[in-house]
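Have a look at the model first, then read on.

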Amino acid sequence: MDESLLVDDNMVVSLAYVLYVDDEIADSADASDPLDYIHGQGYIIPGLERELTGLKVGDKKTILVDPADGYGERMDDSIVELERSLFPAEYEPVIGNSLNLQDDQSDQVFTGYIHSFDDSVVRVDLNHPMAGKLLKFDTEIVGIRPASAHELESGLHQHDCSCCGGCGDEHSCG
């Protein structure tokens, strides 16, 4: 591994981190199983990506990301009411559970979270669960390499090949 490489656009970065939200651990990836992403391609939130730029392998940094540079501010008008008749009769909503929803006009699929419900409606919060939150990341750069042309064209895919019963070659899974 070339230790002179710096985190910069079009580099594959292996990142170990602990994410704290409201002083609780919300997510993590350790050095033995880091998050790999292509820097500068929008794979991670802007505030984190900006603060990692210029670091090298072995660098550690604590990064605070404001909501505007993370998952955005909470928007109260992003709680929508869905008629219970849209759900199967046997469906039992659970507060906090996620729902995949599809916009009829754009066909865009997005995730909402059950906020509340009664006999006639299910209220779904379309905000990201971390919207409006200050995010604290304790980070360590554990690897850097240039992204291949294939990775830059199709993205970086992290998987264990269980999705399709095994990988016959490096391009057989998605």
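**Notes on the packing and the charged pairs**

1. Start with Leu 52. Leaving aside residues up to four places away in sequence, Leu 52 touches Val 7, Leu 15, Tyr 37, His 39, Ile 44, Ile 63, Thr 139 and Ile 141. Keep in mind that this is a predicted model.

2. Leu 52 also belongs to the largest nonpolar core, which has 22 residues; Val 7, Leu 48, Leu 52, Leu 135, Phe 137 and Ile 141 are the ones that touch the most other members. At least two residues of this core come from each of strand S1 (11–21), helix H1 (46–52), strand S4 (60–65) and strand S9 (135–146). S1 gives the largest share, 6 residues.

3. Apart from that core lies another, of 7 residues, including Leu 82, Phe 87, Leu 101 and Ile 114. Phe 87 has a relative accessible area of 17%, so it counts as buried, the cut-off being under 20%.

4. On the aromatic side, the count is 2 pairs. One of them is Phe 87 with Tyr 91, stacked at 5.0 Å centre to centre with 15° between the planes. Elsewhere, Lys 136 lies over the face of Tyr 20, 5.2 Å from the ring centre.

5. How many salt bridges are there? The count comes to 8. Asp 69 and Arg 50 make one of them, at 2.7 Å from N to O. This pair links distant parts of the chain, with Asp 69 in the loop between S4 and strand S5 (79–83) and Arg 50 in helix H1, 19 residues apart.

6. Arg 123 forms a salt bridge with Glu 81, their closest N and O atoms 3.2 Å apart. Salt bridges with shared partners join Glu 81, Asp 118 and Arg 123 into one network.

Terms used
Residues are numbered from 1 along each chain as its sequence is written. This is a predicted model: local features need pLDDT of at least 70, side-chain atom pairs count only at pLDDT 80 or more; totals for chains, interfaces and linings use all residues. Side-chain values use heavy atoms; hydrogens and water are left out. Rings of Phe, Tyr and Trp (its six-membered ring) pair if their centres lie within 6.5 Å; planes under 30 degrees apart count as stacked, over 60 as edge-to-face and the rest as tilted. Buried means under 20% relative accessible area, exposed over 50%, partly exposed in between (1.4 Å probe, protein chains only). A charge sits over a ring if NZ of Lys or CZ of Arg is within 6 Å of the ring centre and within 35 degrees of the ring normal. A nonpolar core is a set of buried Ala, Val, Leu, Ile, Met, Phe, Trp, Tyr and Cys residues joined through side-chain atoms within 4.5 Å. Helices (H or I, at least four residues) and strands (E, at least two) are DSSP runs, numbered from the N terminus. Contact means heavy atoms within 4.5 Å. A salt bridge is a side-chain nitrogen of Lys or Arg within 4 Å of a carboxyl oxygen of Asp or Glu.
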